[in-house]
Amino acid sequence: MHSPQTEAELADVIRDTTGPLAIQGGGTRGVAVAGDPLVTSGISGITLFEPGAMTVVARAGTPVAEIEKAVAAENQRLAFEPIDHRVLLGTTGEPTIGGVMAANVSGPRRISVGAARDFLLGVRYVDGMGRIVKNGGRVMKNVTGYDLVKLMAGAHGTLGVLSEVSLKVLPKPETEATLILHGLDDIAAIAALARALGSPYEVSAAAHDPVAGETLLRVEGFEQSVSYRTEQLRALLGGEISVEDDSTGRWAAWRDVTCFADVDGDIWRVSCKPSEGPALVARSGALGVRYDWAGGLIWMHTATGYDLRAALGSYDGHATLVRGTGQPRFEPEDAGVARITAGLRARFDPRGFLNAGLMG
Amino acid sequence: MEMPIPNPEVLARKARVVERLSAVLPANAVIHDERETRAYECDALTAYRCPPMVAVLPATTKEVSDVLRICHEEGVPVVPRGSGTSLAGGALPTADCVILGVARMNDVLETDYDNRFIRVQTGRTNLSVTGAVEEDGFFYAPDPSSQLACAIAGNIAMNSGGAHCLKYGVTTNNLMGVKMVMMDGEIVDIGGAHLDAAGLDLLGLICGSEGQLGVVTEATLRILHKPEGARPVLMGFDDSEIAGACVTDIIKAGVLPVAIEFMDRPCIEATEAFAKAGYPMCEALLIVEVEGSDAEIDHQLDLIMEIARLHNPVELRQSKSAEESAAIWLGRKSAFGAMGQINDYMCLDGTIPVSSLPHVLRRIGELSEEYGLKVGNVFHAGDGNMHPLILFDANKPGDLELCEAMGADILRLCVEVGGCLTGEHGVGIEKRDLMHVQYAPADLEAQMAVKDIFDPQWLLNPAKVFPLDASDARRQMPIAAE
């Protein structure tokens, strides 16, 4: 096992390796690949925090909790709500910011503020040959050269191992409230969420729980504004609606998909066109589902080894196997895109040593 | 500005290239007469001009694919062009190139309010995307100041921003999918109407690649419902440092305005003489705009004004109506035109950490004296995106070169304080040779490796983005292969 403490040591490890490496931040995301473990949690520490510029720079192994605590002291936050996978996957360890960005994991607020990748301003990484590369920076607008920052976000370490990230943070709102619509079936629920998101009332999360029969809409901001928008949404949507004032615990559970922690079987994340969600669910054969992102993200629970992709067939979107084995984790790509992807891998990691085979 | 020497072998094949292109396009879509190709000799960086060998105006993705396949087979460089509004020379032709204009591809293909997206052909202008949905209360958020003219194709190529990106992000944050034609004619679809495209983030890579990786013919764009309203407050300060501190305090207070615009004294003076917006004569002026219902706006503006008062403003003017809002924005919106009345100008767009604002403004003032060229600063202060306008006289020999040298010094300064060369205009040819300032050779090599994969012969917009000396060996490849 390799545990570099600096970016230079990380570069040495990768340059000198003679076989595949299994890249880990805190090891909480259930990524299992063959290879010598390369743990980046030793490359840790916040190097810069400018609340007035809404930017944080941190080494990749920095615990997410450490960053959240530091920015919270200035009343700011990681607005994309990074998922903590520990409960769902039964893993232990400390999630790192490098892991969050490498996996591009975003919670319910993704529909209003964007994904993890939208908050990543700059990266430093070591490619598969041990070369240290930087891209982007720490300013919010930057079109200087190609955006390798986005490419590294969600590449799961297969193109390079992150050593440092610059992030945009946002102010924490004064308060929040959650509207709970009761008794809607899937189709009516997704339609209601679409109506809310198609309004000017700035919904920051939109989810539907078919088991509880609850359809949820979160509103955040200044107190006066939250109560105004809550009332407007109530009037817009009609029906039986209750309002919950402190809903942070509820949304943390949605973010981390804890509802499927204790069930046996595989867990999938299906990204789709929101309005197609109910039809996909109907033909999925899933044992349980939760709709997030107004229906654009569906968490599905299936029997172990069940071929969900075959059941879903062709649609605008893709399925990722988050918990389970025996099937590709990521949706196989079309030939044209697969050629580009393979070409990029061949240049960034010519020896194929970084999380080999993880993304195809 | 150095451009590569046109490939004589390509020029010698012009007749054959025109013939082959004419076989796949309507007659009026292939422009090769030397008088007519002049229309494409430059973009909005008008200091540099070069008519292309041929210009084509395909109307479908299939036609774009045919054009690229032919050019690929013939080893002809292709320069994609949206509306030609690039300030960085992104659409500047080479004498041996085919300009591929997407202007005829401007249809709306699909509008979906339930899923909040619009799918358009990329020749459509930015403003007309909003135009297609605004009757139903929706809009497309990125709003570059050229939005009346600029095409979505160019917005994607340059990852365009705008005044409102503090809240809504830039093009890459609002782009959900593309249909793109590769240099060899292959058509690929990436992303779509779902939020997270699968696999590697190729969408993020393509956005901002300045037309060097492929020609995007269709785009799926996120649309949003318009806010109930928006109103600004105008504030004047005696010192730009204090204005900078005020910006920081507003952000720290947890208010997130949609726009924070900054103008300095030279710019205020020019604007007043031109547009008579009634701005206070002071060192620094801020326009801060917030959105929401009337009550929400009042509440936010009250908070902002409370913060401003702590910084002893010389003027504080809260808009109470649409007319007052228009009056406040009038000067800002005419700032570029006002500066243009005084002289020719070069507009830079380096971005800096907001905390460096006072230092950078002071240094720009010093550089202005050293070079003897006037500078006005107007910029998006919330995100540190500077827009220094350097005044020069294009008819005075040596003035353009002097202006460029001063511009380069300002951009070096931006990088020095932790910023970047360009926040929204792109590198193009303008900042190409400054890339060494921001990036080490390994950084540039990693970017150029990406181009190698998408366009192995470096035929697409080849002499842009990367310093010529860095990309030299790669651009020679097609000739060597002949």
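## Chain A at a glance

Chain A holds twelve helices and 17 strands. The model is a predicted one. Along the principal axes, the C-alpha trace of chain A spans about 65 × 50 × 35 Å. How does the radius of gyration of chain A sit against that of a compact globule? For 360 residues, a compact globule would come near 21 Å. Chain A has 21 Å, so the value agrees.

## Domains of chain A

Chain A divides into three parts: domain 1 (7-171 + 343-348), domain 2 (175-255) and domain 3 (258-323). Domain 1 of chain A is written as two stretches, 7-171 and 343-348.

Take domain 1 and domain 2 of chain A. Their centres, over C-alpha atoms, are separated by 31 Å. The two are in contact: seven residues of domain 1 of chain A meet ten residues of domain 2 of chain A. On the domain 1 side, the touching residues are three nonpolar, two polar and two charged.

## A hairpin in chain A

Strand β3 (residues 46-50) of chain A runs antiparallel to strand β4 (residues 55-59) of chain A, and four bridges join them. One bridge pairs A:L48 with A:V57 in β4(A).

Which residue of this hairpin takes a positive phi? A:M54 does, with a phi near 55°. The hairpin of β3(A) and β4(A) has four residues between the strands.

## Chain B at a glance

Chain B has 19 helices and 18 strands. Its C-alpha atoms fill a box of roughly 70 × 55 × 40 Å along the principal axes. The radius of gyration of chain B is 23 Å. A compact globule of 482 residues would have a value near 23 Å, so chain B agrees with the rule.

Confidence in chain B averages a pLDDT of 94. In chain B, 99% of the residues score at least 70.

## Domains of chain B

Eight residues from domain 2 of chain B and nine residues from domain 5 of chain B make the contact. The domain 2 side of this contact has four nonpolar residues, three polar and one charged.

## A five-stranded sheet in chain B

Five strands of chain B form an open sheet. Their order is β5-β6-β10-β8-β9, and the pairing is antiparallel. Which strands lie at the edges? They are β5 (108-112) and β9 (187-191) of chain B, and each pairs on one side only. From one strand to the next, the twist averages 10°.

Strand β6 (residues 117-121) of chain B runs antiparallel to β5(B), and four bridges join the two. Here B:D112 stands opposite B:F117 in β6(B). A helix packs on the sheet: α5 (residues 126-133) of chain B touches β5, β6 and β10 (215-222) of chain B. The direction of α5(B) makes about 130° with that of β6(B).

Strand β8 (residues 175-181) of chain B pairs with β9(B) in the antiparallel sense, over five bridges. B:V181 stands opposite B:I187 in β9(B). The hairpin of β8(B) and β9(B) has five residues between the strands. In this hairpin, B:G185 takes a positive phi near 95°.

## Where the chains meet

For the complex, the predictor gives an ipTM of 0.97 and a pTM of 0.96.

How values were computed. Residues are numbered from 1 along each chain as its sequence is written. Chains are lettered from A and ligands numbered from 1 in the order in which they are written. This is a predicted model: local features need pLDDT of at least 70, side-chain atom pairs count only at pLDDT 80 or more; totals for chains, interfaces and linings use all residues. pLDDT is the predictor's confidence in each residue, from 0 to 100. Domain bounds come from an automatic or database domain assignment. Ala, Val, Leu, Ile, Met, Phe, Trp, Tyr, Cys and Pro count as nonpolar, Asp, Glu, Lys and Arg as charged, and the others, Gly among them, as polar. Two strands pair if DSSP finds at least two bridges between them. Axes are lines fitted to C-alpha atoms, for helices over the stretch in contact, and angles run from 0 to 180 degrees between N-to-C directions. The radius of gyration is taken over C-alpha atoms; the globule rule is 2.2 Å times the number of residues to the power 0.38.
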